[in-house]
Amino acid sequence: MLGCSHAEHINQEAWDWAMKIRHSLKNPFVVHLGDYTDTTAFMGNAGHNALGSPIGPDIEKGLAHLTEMEPSAVINGNHDQRPYDFLDHPDAKIAYAAKQVVAMMENHIAGLGVKAENHIMYEGIQSILRLGPAALTHGTIYGQNAVVKMAEMYGTEFVRFVFFVHTHVCKIATSATYFPCTAFNIGSMIMPKEAKYAGRRPNTFAWQNACVSGEYCEDRLEPVLHLFDRKVEPMQRAVGQ
């Protein structure tokens, strides 16, 4: 499983690495945890530059990634949700565009053979897919303690693992609760420098490309977290006269 590929903002090298892992697995249940699109033009507070961001290439690229991934389940993320938020827009042109995008996304995912019950719409903290003793979700919480909060929020006697993306970092934490739950924040597939909106956030330096594989049954799970060694450009040195 993986998530936050963000269409044209993807780290292609990391994606190719993850697809080699995915296609090496036998009879896998493959899950995209959301934000397969970026949908910048549909941001609720989009400025002039964001409104001019091309819609077609973004959606097409994101859906092409799903085709290559061949998912068994898709969980929509908050970026994938953006067109849905405009379906009832008072401007008929915007509402029509949103309907076309939503239809394009849903028809494509259904065409990949993803069962309707395995395509999870984004409803915040309610968007959960159970897989054995694990809860899979896109994620809703930001901050340094997000992974602990997710473990505390979803852990029960029957849910002992939580997997999510959303914050783009890799962290693992176990809740200090009677029924301990271990949450995996499994990074993203995004190239940090491509996300212009995050260029002023120090935590962007902590973004990592990763995916998870493993084996599971109804009451047992053995996950493996794979970290991609992303190359970082060296700092520019001053040149003397």
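**View 1. Charges of the chain.** The mean positions of the 20 positive and 25 negative charges lie 7 Å apart. Lys and Arg count as positive, Asp and Glu as negative; His and the chain ends are left out. Each charge is placed at NZ of Lys, CZ of Arg, CG of Asp or CD of Glu. The model is predicted: local features need pLDDT of at least 70, side-chain atom pairs count only at pLDDT 80 or more, and totals for chains, interfaces and linings use all residues. Residues are numbered from 1 along each chain as its sequence is written, and side-chain values use heavy atoms, without hydrogens or water.

**View 2. Helices and strands.** The chain holds 6 helices and 10 strands. These are DSSP runs, numbered from the N terminus: helices are H or I, at least four residues; strands are E, at least two. The C-alpha atoms fill a box of roughly 60 × 50 × 35 Å along the principal axes.

**View 3. Burial in the chain.** Of the 241 residues, 48% are buried. Buried means under 20% relative accessible area, exposed over 50%, and partly exposed in between (1.4 Å probe, protein chains only).

**View 4. His-79 and its surroundings.** His-79 sits in helix α4, residues 78-81. His-79 is buried, at 6% relative accessible area. Its side chain makes a polar contact of 3.2 Å with that of Arg-82. Such a contact pairs N or O atoms within 3.5 Å; within protein, one must be able to donate a hydrogen and the other to accept it, and residues adjacent in sequence count only if both atoms are side-chain atoms. Not counting residues up to four places away in sequence, His-79 touches His-6, Asp-35, Thr-37, Asp-38 and Thr-39. Contact means heavy atoms within 4.5 Å.
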